[in-house]
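Subject: Handover of a model

Hello,

I am passing a model on to you. Please look it over before you read my notes.

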Amino acid sequence: MKKNIIYVFAVITLLFGCKKNDEYIFDQSPDERVNKVLDDLQAKLANAPNGWKAVLTSAANVDYNFYFDFNNENRVKMISDFTKESSTDLKESSYRLKAMQQPALIFDTYSYIHIIADPDPNVNGGTPGEGLNSDFEFAYSPTNNTAKGDSLFFTGRFKGSKLVLVPATAAEETSILGGGYAKSWDFHTISAYNTYRYGGQTYSWNIGGKIFTYFKRFTLGSTTYDINESTFDPFAKNITISWLDAGVVKSATSAYSFGLNAVNFKTPLVLNGVTLNSLGNFVWSDANTSLTANVNAGTQTITIAGAAAPLLNNPNLPAEFRNNSINQDTYYESDYGFFRDGVYNAFGIDQLTITNGRYYNMIYWAEYGSNYDLVAPLFVVNGALNLAFGFAGINNNAANPIVKNGMLSLAASGTVGTNPTTASWQNTMTLLRAAGGHYIVKKNSTNYDMVSADGRSWISWSLD
Amino acid sequence: MKIFKKLALICGLSMSLIACNKDDIDLTDADIIRGLGGDTWAQTNIDKWLYDSLVKPYNIGVKYKWDQFEFDISRTLIPPSEDKVIPVWSVLKDVWIKPYIAEAGKVFFNKYSPKSFILAGSNSYNDDGSIILGTAEGGRKIVFYGVNKFKVKGMTGYTPATDSNFVKTYFIQTMHHEFAHILHQNVLYPQDFKRINPILFQGQNWINMATNQSRLDGFITPYASSGFDDDFAEMVAIMLIEGKVGFDNIVNGLTGTSANGTTAANAKSYLRQKESIIVNYYKQVWDIDFYSLQNRCRTALNQYL
């Protein structure tokens with residue numbers, strides 16, 4: 001009996017336990033709160049009187065500048081410093097704000113911001129299937145955005161890149177729409193990356209390089225500085241500047257990003273008694289093949305021009321380069337042949353063929369024969385690598401040493417196999433046996449650049 | 001005692017009934033849920049065109065604005081460029097929708113056509129370096145990749161040497177291929193189709209086959225040799241994009257012997273047997289004159305290449 005009453009009360013308690021309590025921990029429902037965040041964000045985006053200046057930092061830590069002009073009809077106009085064209089041509093596409101796990105800003109049809117994220121390497125030079133590790137779908141966290149003034153902070157939802165929007169001033173908007181980022185592109189005129197050859201066609205790198213020598217030189221104060229192709233990467237926006245201090249090479253390295261008619265070094269470059277924060281106001285001279293720039297937004301200028309030789313040639317490198325190959329009994333490889341006068345794969349060596357074979361890569365094999373080093377193209381024949389012919393640099397110690405005067409000299413030469421008369425291969429051999437020899441520039445323990453004595457041609461070798 | 005028990009039970013029951021008695025559900029709150037019923041945005045000419053040209057007549061929806069949840073989230077992809085949406089669908093309408101409707105009628109087409117299409121701007125890259133051109137899920141949803149590379153005759157930068165093949169094989173062949181799958185999933189092709197050259201199928205090894213080697217084994221493409229259903233879908237697709245003349249040229253041009261020892265004469269016979277089964281299948285099952293359909297598809301495609 002008593003038991004029964006307990007059951008009854010238990011059932012009643014259980015049933016009344018279902019009564020809901022509609023009070024929220026916050027003063028509004030989650031839907032109301034997310035709507036408020038999105039509505040506020042929409043109003044902020046669309047109401048900036050001069051649009052937004054933005055910096056997108058990819059997951060690979062490269063900065064790209066943008067300008068956005070949002071309206072209330074899901075349309076956005078943008079400028080991007082990714083290419084010279086996108087720096088000047090305003091492009092319109094769509095965007096929307098969406099309540100996902102976090103409130104999100106989605107650039108939902110293709111525009112400049114997607115070029116960086118595009119997995120197609122032909123679009124941005126990135127990794128196939130990955131692109132340059134960037135986003136076009138961004139999470140917006142209102143708590144991250146308090147107490148930071150007018151700026152808006154976003155995080156990429158897929159790769160984790162960062163996007164920071166700052167309201168542009170009228171002057172900045174005028175400068176950007178007038179091609180301010182395009183003028184920053186003039187900095188890349190000091191690169192050698194102008195065009196490349198592939199599949200019998202010539203393509204542009206979109207870098208716009210105009211100084212075709214491997215080494216570049218400028219003077220600041222009383223010191224001469226060197227910039228060279230092994231440590232200047234306009235694709236990743238990274239640069240090393242080196243100088244001689246009492247006969248010793250010193251250097252400073254930094255990533256950089258474009259400003260308005262300027263490049264800004266992310267870590268200030270501490271040079272010989274002077275710190276470089278930025279270069280700007282670029283003036284290219286066709287007559288002198290040189291670029292003049294203002295230092296640290298001041299009145300002092302530097303002029304960067306090409307040079308035939310390095311500041312200091314390390315005479316031990318040619319032997320080190322060869323010994324790596326000899327000691328490990330393996331070869332160095334390079335995707336293509338010579339980079340020459342601003343043209344990568346200048347002779348179109350990928351067009352070489354043999355019967356049933358297609359071009360694979362180029363190799364350098366020290367002491368391939370008892371008295372010669374081999375430089376040759378490899379071919380793929382029926383799925384296997386095939387060595388059909390090649391260039392032999394004679395190393396006959398007394399009369400013709402390959403390492404001579406601190407240079408790698410292949411002047412005394414012969415051939416292996418039946419060498420084709422094709423211009424691409426004959427021109428390559430002519431450059432290999434150039435009388436002045438080649439500088440060896442070390443990038444790291446397995447990567448070396450072989451640079452001709454006039455500084456106009458080089459091959460980048462990497463140990464297999 | 002007994003009565004009390006009953007009473008207690010009734011009491012409990014009635015309380016539970018009362019506790020369940022709710023007010024009518026208040027739906028006014030639903031209006032504030034963002035995105036309920038799908039994303040919305042200010043309509044553009046593209047949205048209007050898609051609605052008038054595809055949704056209204058065929059109940060086909062095309063999603064071109066980015067929605068991550070439509071894709072494999074392990075892949076890096078990007079949305080299509082707005083200026084490609086209408087061109088892609090004008091072409092698909094001409095070379096796929098219209099020929100089928102002309103041959104089999106709108107009821108047939110609307111009943112069997114996939115209803116949901118998703119566009120991606122870039123290709124989908126596999127780890128082995130190969131790329132995916134299109135995917136189909138259960139005959140309902142088809143994803144087209146590489147839309148930003150779409151160029152047909154008359155568009156700026158159209159290069160016949162590369163672009164014509166791209167359009168033909170990436171978009172049109174994929175469309176015909178997937179639609180053929182839907183047809184045979186509704187009514188299977190005759191079993192005889194599987195008995196033509198069964199031992200020559202390659203399964204997963206199809207990616208290592210060269211086109212001419214596959215054809216010498218009696219498969220119209222390497223992918224056709226991956227399985228019976230794909231053999232069927234690839235045959236239909238290639239016949240429809242190449243037309244009768246093009247298909248005959250492929251078959252009649254075979255010479256030599258394949259690495260598997262199939263002679264050209266046998267390969268030709270295999271391909272002709274498959275062709276004949278497909279033609280009969282279309283006639284008997286769907287009352288479609290395949291050669292007439294083939295003619296319409298190829299003629300329509302020709303104007304864009």
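My notes below go through chain B and then chain A.

This is a predicted model, in which local features need pLDDT of at least 70, side-chain atom pairs count only at pLDDT 80 or more, and totals for chains, interfaces and linings use all residues. Residues are numbered from 1 along each chain as its sequence is written, chains are lettered from A and ligands numbered from 1 in the order in which they are written, and side-chain values use heavy atoms, without hydrogens and water.

**A helix pair in chain B**

Helix H6 (residues 228-252) of chain B packs against helix H7 (residues 264-286) of chain B. The angle is about 115 degrees, and the axes are 11 Å apart. Axes here are lines fitted to C-alpha atoms, for helices over the stretch in contact, and angles run from 0 to 180 degrees between N-to-C directions. Helices (H or I, at least four residues) and strands (E, at least two) are DSSP runs, numbered from the N terminus.

Contact means heavy atoms within 4.5 Å. On the H6(B) side the residues include Phe232(B), Met235(B) and Phe247(B). On the H7(B) side they include Leu271(B), Ile278(B) and Tyr281(B). The residues of this contact divide into 10 nonpolar, 1 polar and 7 charged. Ala, Val, Leu, Ile, Met, Phe, Trp, Tyr, Cys and Pro count as nonpolar, Asp, Glu, Lys and Arg as charged, and the others, Gly among them, as polar.

Trp96(B) sits in helix H3 (residues 82-112) of chain B. Trp96(B) is buried, with a relative accessible area of 0%. Buried means under 20% relative accessible area (1.4 Å probe, protein chains only). Leaving aside neighbours within four places in sequence, the contacts of Trp96(B) include Trp89(B), Phe109(B), Pro114(B) and His176(B).

Gln202(B) lies in the loop between helix H4 (160-186) and helix H5 (211-216) of chain B. Beyond its neighbours within four places in sequence, Gln202(B) is in contact with Met209(B), Asp217(B), Ser225(B) and Asn260(B).

**Chain A**

Ser242(A) belongs to strand E15 (residues 238-245) of chain A. Ser242(A) is buried, at a relative accessible area of 12%. Not counting residues up to four places away in sequence, Ser242(A) touches residues including Tyr225(A), Asp226(A), Lys250(A) and Leu311(A).

Helix H8 (residues 423-432) of chain A has buried residues, among them Trp425(A), Met429(A) and Leu432(A). Seen down the axis of H8(A), the buried residues fall within an arc of 160 degrees, so they line one face of the helix. The arc is that of the directions from the helix axis to the C-beta atoms.

Best wishes

Methods
Buried means under 20% relative accessible area, exposed over 50%, partly exposed in between (1.4 Å probe, protein chains only).
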